[in-house]
Amino acid sequence: MVMEWRVGVVMGSLGLLLWFVVILRKRSWRAGWSWSSRYGVNNSKKNNNNKAAAAAVANLLPPGSLGWPLLGESLQFVASLSSALSPDSFAQQHLAKYGDVFKTHLFGHPTVVSLDPEVNKFVMNNEGRLFVASHPESFEELFGKYTILAARGDVHKRKRAVVVNFINSEKFRESIIPCVETFALLTLNNWKDRVVYVEREAQKFAFRVIMKKLLSLPVGPDLEDMLKEFSMVVAGSLSVRLKMIPWSNYSKGLKARDRIIKKLTGIIEGRRKDFDNDYNDLLQAVFREDRHGGATTSFSTEDIVDQILFLLAAGYDTVAAIITSTMFFLRRAPEALQTLREEHEAIKKGKINPAENLTWADYKSMTFTQHVINESLRITNVGFGAFRTALEDVKIKGYTIPKHWKVLAYLRSAHFNPSIYGPDPYAFDPWRWQDQSENMINGEASFMPFGEGKRRCVGSDLARLELSIFFHHLVTRFRNWELIEEDRLTYFPTPHFMKSLPVVLEAS
Ligand code: HEM
């Protein structure tokens, strides 16, 4: 199932490019649109005034190439990130030719790509002022028009605050560790004496956690069915918008969305009537904010459905990707695995009763674990970058990013920059985090795995906690794991293993 959608996504990506060709060609015919006139490139057919204006803009644009007519450089970009061996070849070749800020044309849009960590930080920190988050149309159709992604200004602020306040609440803190432990053990107890497809299993684990904390849904066949539906929505959101083809990932995603909406609507309506019951989940927090938050408009059920739907999707695939890649890296780094195990054995030995739950203090003492997680986040890059649209002409490094152009803050590039991470930035080396301050981990331009600014990931603390608790139980139960088939990590559209990482584990 997971493989199926992954293949679909790759096929979809290729289809997407073809689709752009058709759409853009249609548009250019209708509008008499010309490649050179639109981007200020010299065009002998235009009058002199236009020529002068175009030349002025062209002079200020960053260097680079807009690539092939209509397709731009999308094929090269996708091919690079889809390659397990040289995912950064596109970025490296462009860096060598044009420098760390260059123009190109990606997915139907003229785009300025930034490989410069400080420029990336500037772009992300100017959300709503100079730039605005930009997502494919398929995202809005599959996750809905009320998602936090689509929200702007005060509406975005309010939706974000509900989630952030909930995750920072005392009640959440008290309940989250036992919750994550329960699901980690449920998953890992099932990993003995069999082939384990880590990515799929990790998705189940993270989906159970997020379902519990958002909607208090218990584990059971219903939940497993919902995970399948969600996989279809996620696959659809990253594929070509082929509505008319019923077997396309996109159409399947839309149908899965309809089924999920039906289920979520039933759950939310039922819970509205049960307001006084103490659920300790995000849905309750949304209801409370609606009653007591002082806003003039309340969240409709349709609005809450979209909000929850995206959070569920964002909350499981991301965490699962890091669990899987960490297990992939640790398998080839025995010393790191040993040091990680020692940290967790020490925590276990400190308990009077071995069955005792982990505490917040235990979690906070997992220092080497955080180094491992940082290193995995740095190398895996759950999001290769963040797309934004310029709200006005923006001057950066002496160049102009024209209004309406896209900007890709290519977050991966800083994470492999040898001047920051040393001569071997692709090596998995958790010790490189040993001497870094808390600042380095939060908000430094050279490390932004959760983004930055107003759109910074709301689930980053939850994700770190889930990963830490999961690794505690993994390394105290299993000595090692062997791959039973070679597998590869590819990065487009998001990081995934081609075969879901099949392993057998050796119990401690
Ligand atoms: C390892 C795990 C995760 C990684 C690496 C990650 C990464 C990111 C990144 C890079 C962004 C910013 C995107 C942008 O600026 O365009 C983001 C946004 C977001 N993430 Fe995560 N994420 C993770 C886990 C989670 C979890 C567990 C949740 C759910 C609670 C979540 C919910 C969100 C939401 C709702 C946003 C949008 C925030 C907004 O637009 O204001 N993420 N994430």
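Visitor: Which helix gives the largest share of the shell around the ligand?
Guide: That is α14, with 6 residues. This is a predicted model, in which local features need pLDDT of at least 70 and side-chain atom pairs count only at pLDDT 80 or more, while totals for chains, interfaces and linings use all residues. Residues are numbered from 1 along each chain as its sequence is written. Helices (H or I, at least four residues) and strands (E, at least two) are DSSP runs, numbered from the N terminus.

Visitor: Which elements each supply at least two residues of that shell?
Guide: They are α14, spanning 301-331, and α21, spanning 460-477.

Visitor: And which residues come nearest to the ligand?
Guide: Of the 23 residues around the ligand, the nearest are G315, V382, G451, C457 and G459. A residue is near a molecule if its C-beta atom, placed from the backbone, lies within 6 Å of it.

Visitor: How does the shell divide by class?
Guide: The shell has 16 nonpolar, 5 polar and 2 charged residues. Here Ala, Val, Leu, Ile, Met, Phe, Trp, Tyr, Cys and Pro count as nonpolar, Asp, Glu, Lys and Arg as charged, and the others, Gly among them, as polar.

Visitor: New topic: where is F478 found?
Guide: F478 is in strand β9, residues 478-483.

Visitor: Is F478 buried or exposed, and why?
Guide: F478 counts as buried because it has 20 C-beta neighbours inside 10 Å. The cut-offs are 20 or more other C-beta atoms within 10 Å for buried, 12 or fewer for exposed, and anything in between for partly exposed, with C-beta atoms placed from the backbone.

Visitor: What does F478 touch?
Guide: Leaving aside residues up to four places away in sequence, F478 touches L505, E506, A507 and S508. Contact requires the C-beta atoms, placed from the backbone, to lie within 7 Å.

Visitor: Which residues have a positive phi although they are not glycines?
Guide: Among them are S216, at about 60°, and N381, at about 55°. S216 sits in the loop between α10 (198-215) and α11 (221-237), and N381 in the loop between α17 (367-380) and β5 (386-390).

Visitor: Finally, what about the peptide bond from F492 to P493?
Guide: That bond is cis, with omega near -5°. P493 lies in the loop between β10 (489-490) and β11 (496-497).

Terms used:
Contact = placed C-beta atoms within 7 Å.
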